[in-house]
Amino acid sequence: MRVIDHVVAGGAAATNAPSARQGDVFDPNSGQVQAHVPLGDATLLDRAVAAARAAQPGWAATNPQRRARVLFRFKELVEQNMDALAHLLSSEHGKVIADAKGDIQRGLEVIEFACGIPHALKGEYTQGAGPGIDVYSMRQPIGIGAGITPFNFPAMIPMWMFGVAIACGNAFILKPSERDPSVPVRLAELMREAGLPEGILQVVHGDKAMVDAILDHPAIGAVSFVGSSDIAHYVYRRGVEAGKRVQAMGGAKNHGIVMPDADLDQVVADLSGAAFGSAGERCMALPVVVPVGDKTADALREKLIPAIDALRVGVSTDAEAHYGPVVNAAYRKRVEDWIQTGVDEGAELVVDGRGFTLQGHEQGFFIGPSLFDRVTPTMQSYREEIFGPVLQIVRAPDFETAVRLPSEHQYGNGVAIFTRNGHAAREFAARVEVGMVGINVPIPVPVAYHSFGGWKRSAFGDVNQHGMEGVRFWTKVKTVTQRWPDGAPDGGPNSNSAFVIPTMG
């Protein structure tokens, strides 16, 4: 059975001792275990930190242009290996090849942004802030950063984190999900091949024990996390208590508002991908649609049913499949339990995806698409994140209700509005209490040179991911006030002129 190695500098350990704990890595298409991953401990993390501490000062002293060249080369290598990486990703996660390539490409877009780090790191300068006094600021790396990433985007989210962190001059320790760890390992290998010094990017595998070790380690200065909200809150609280800078992105329940003037054919096409793509295992999926008015709701439902029936669920290598299996049996059961909860709460189950099997892959972790109608805000199945191929219709009588529903929800990651009315769209975008808004865009993930981040229980911490927000997170500002006196060295008339801070005189 294949064992997926750690990537730790200094010959620390490819795997732990034979008695070490291991996790199973499944093939979601067959339901079979295809590999084992060693679950590291604090001792392994200490080795990684020691290697990072040895390597980071030299990397930080490397000028930004040279750091950017490594990232340029890494981008080339990832593009050259795109097909192999996508198949590897699909084999462990279950998303179809097209989605896997999208996962990698969205991560590469952040790498492209990070290639511009010489410009992004420029500080501020004020000449003549006082008599003979200049003030300037510089951005310096945190030192050692860490990332704790989820299973649903095993390429994109690690690159969101380590691309910017490394470009800024930090060393980075990545703990990917133990459910699909092979692609993060391969990305670290490609970074090393691109010329990154040993010790700057390392991968350690583990579960909660490794997470706690990262959060508690005094040499790790900043931690970025993506996962469920309860764990995000735990990571944020424990990391901050340990004196770290922490950004912790949590769950979501994104809404799509459908105004009466919307193009319903386009809305249905968008919902088919946004709600069911990647089996709904995306924090920026669109699992709730809010048609305004019963006439809009009835018309939308009528169009949604045949579109859902036309969705093809298949193995991840099926080029005709719209989505593949979920990541493991536990997640399939979790989604099916939420569907039953919705039924028990009184929602109308229009399309039931439970019990789906794929011929020849009966043991795979497949689940069909489901559609609920007449879901209400009091239902637990509406309040919580299902994270599967389930779409809920919540009918709103008017625009004000449509604004209020996502604004009052515990999550505030993303929201979309579908309309031809510019005034309604502008009003909605200004008023809705959600961090990322799409106008006729179903999954409003910002481009790499903007930043990603939600509100409320969707994000803990003050600084978003990637873009200039990412640069700010992975650096600390140092401000220098300098004065070069004009006084004569021989004790002339100006040699004893007093230094006056500008705000004092």
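# Exercises on a predicted model

Ala279 lies in the loop between H10 and E12, where helices (H or I, at least four residues) and strands (E, at least two) are DSSP runs numbered from the N terminus. The model is predicted: local features need pLDDT of at least 70, side-chain atom pairs count only at pLDDT 80 or more, and totals for chains, interfaces and linings use all residues. Residues are numbered from 1 along each chain as its sequence is written, and side-chain values use heavy atoms, with hydrogens and water left out.

**Exercise 1.** State whether Ala279 is buried or exposed, and describe its phi.

Solution. Step one is the cut-off: buried means under 20% relative accessible area, exposed over 50%, and partly exposed in between (1.4 Å probe, protein chains only). Ala279 has 0% relative accessibility, so it counts as buried. Step two is the backbone: phi of Ala279 is positive, about 55°, although the residue is not a glycine.

**Exercise 2.** Find where Ser278 is and which residues it is in contact with, leaving aside neighbours within four places in sequence.

Solution. Ser278 is in the loop between helix H10 (264-276) and strand E12 (288-291). Its relative accessibility is 3%, so Ser278 counts as buried. Contact means heavy atoms within 4.5 Å. With neighbours within four places left aside, Ser278 is in contact with His93, Lys95, Asp99 and Tyr323.

**Exercise 3.** Describe how helix H2 packs with helix H4.

Solution. Two packed helices are described by the angle between their axes and the distance between the axes. Axes are lines fitted to C-alpha atoms, for helices over the stretch in contact, and angles run from 0 to 180 degrees between N-to-C directions. For H2 (residues 64-80) and H4 (residues 97-114) the angle is about 160° and the axes are 9 Å apart. On the H2 side, the contact is made by Leu71, Phe74, Lys75, Val78 and Glu79, and on the H4 side by Ile104, Leu108, Ile111, Glu112 and Ala114.

**Exercise 4.** Describe the location of Phe387, its phi and its burial.

Solution. Phe387 lies in the loop between helix H13 (380-383) and strand E15 (390-393). Phi of Phe387 is near 60°, a positive value in a residue other than glycine. The relative accessible area of Phe387 is 14%, so this residue is buried.
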